[in-house]
Amino acid sequence: MQHAWARLYGQPRFAVAWSAYLAAREDTHMVAHIHAQRAQLATTLEQRMVQSFPELGHGPEAAARVQFVLSVLRGLGLAAPFSPPDTTAPQLRVLSDYLQSLQPLQSLQPFSPEELT
């Protein structure tokens with residue numbers, strides 16, 4: 001989690017990119033372009049999350065769990081520039097605790113790769 005935060009979501013460029021996305025939301029051609037670019041990125045991020053946290057990729061709600069974790073990271077990344085500096089680390093710990101609370105791999109049913117798309 002710390003790695004994902006430090007390399008992507010916690011970087012100033014993350015909030016800048018989302019500012020541009022939101023500013024362009026009325027431009028249908030730009031939205032289509034952003035959607036296509038984000039779709040490629042989303043697939044890569046989902047695969048990396050499952051590689052890093054295999055328990056996310058098992059069970060009937062695998063795709064929803066992966067998206068949940070990515071949504072939390074996105075939300076933290078968007079709020080960070082407007083939040084006191086000491087608020088992000090405790091939330092990342094809570095997210096890490098959530099990941100650690102998931103069932104061990106041997107008790108979960110594997111998912112099909114199509115469930116993540």
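Predicted model: local features only at pLDDT ≥ 70, side-chain atom pairs only at ≥ 80, totals over all residues.
View 1. Leaving aside residues up to four places away in sequence, Val69 touches Met1, Met49, Leu56, Leu95, Tyr98 and Leu99.

**View 2. The largest nonpolar core, with 19 residues.** Met1, Tyr9, Met49, Leu56, Val69, Leu73 and Leu99 have the most contacts inside this core. Helices α1, α2 (12–23), α3, α4 and α5 each supply at least two of its residues. The largest share, five residues, comes from α4. In soluble globular proteins, nonpolar side chains tend to be buried together.

**View 3. Helix α5, residues 88–101.** Thr88, Leu92, Leu95 and Leu99 are the buried residues shown in α5. Viewed down the helix axis, the buried residues fall within an arc of 60° and so line one face of α5. An α-helix has 3.6 residues a turn, so residues three or four places apart point the same way. On the other side of α5, Val94, Gln100 and Ser101 are exposed.

**View 4. The cover over the buried residues of α5.** Among the elements that cover these buried residues are α1 (2–9) and α4 (62–79).

View 5. Not counting residues up to four places away in sequence, Arg38 touches Trp18, Tyr21 and Arg74.

Definitions and conventions:
Residues numbered from 1 in each chain as written. Heavy atoms only, no water. Helix = DSSP H or I, 4+ residues; strand = E, 2+ residues; numbered from the N terminus. Expected span 1.5 Å × (residues − 1). Buried < 20%, exposed > 50% of the residue type's maximum accessible area, 1.4 Å probe, protein only. Arc of directions from axis to C-beta. Contact = heavy atoms within 4.5 Å. Core = buried A, V, L, I, M, F, W, Y, C linked by side-chain atoms within 4.5 Å.
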